[in-house]
Amino acid sequence: GFVFDELPLEVVRGACTEAIRHGAAVFFDPGPRCFTMLEGPRRAALDAVLDLSAVVLMTEEEAVTITGLADAELAALAVLARSGTHTQWACVKLG
């Protein structure tokens, strides 16, 4: 997850879109810095990568940060229920 907030959003979105166009699945692990992505353009970047990812892997803390839900299963379901998402799998891991 560290790259998505270090490169311009257009570059990250373009790379994800090209990968999908060529049949690749995008996997995304938000990482421990996701708590810094909760507003403004940084939130837009987080949302864009979440929506373009086929698989989202989150720790329990990241799941709470991203969804606001403390229950791991409900947080995973919330990621899957995002409007317009490509996400097929959402996994909440310990640690």
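1. Phe28 has Val56 in strand 2 as its bridge partner. Strand 1 (residues 27–28) and strand 2 run parallel and are joined by two bridges; strands count as paired if DSSP finds at least two bridges between them. Helices (H or I, at least four residues) and strands (E, at least two) are DSSP runs, numbered from the N terminus.

2. This is a predicted model, in which local features need pLDDT of at least 70 and side-chain atom pairs pLDDT 80 or more, while totals for chains, interfaces and linings use all residues. Residues are numbered from 1 along each chain as its sequence is written, and side-chain values use heavy atoms, without hydrogens and water.

3. Strand 2 (residues 55–59) has four of its five residues buried (under 20% relative accessible area; exposed is over 50%, partly exposed in between; 1.4 Å probe, protein chains only). Strand 2 also pairs with strand 3 (residues 89–93), in the parallel sense, over five bridges. Within that pairing, Met58 stands opposite Val92.

4. The count of salt bridges is five, taking a side-chain nitrogen of Lys or Arg within 4 Å of a carboxyl oxygen of Asp or Glu. One of them joins Lys93 and Asp29 at 2.6 Å, N to O. Lys93 is in strand 3 and Asp29 in the loop between strand 1 and helix 2, so this pair ties together parts 64 residues apart in sequence.

5. Arg82 forms a salt bridge with Asp51, with the closest N and O atoms 2.7 Å apart. Salt bridges with shared partners join Arg43, Asp47, Asp51 and Arg82 into one network. Arg82 is partly exposed, at 22% relative accessible area.
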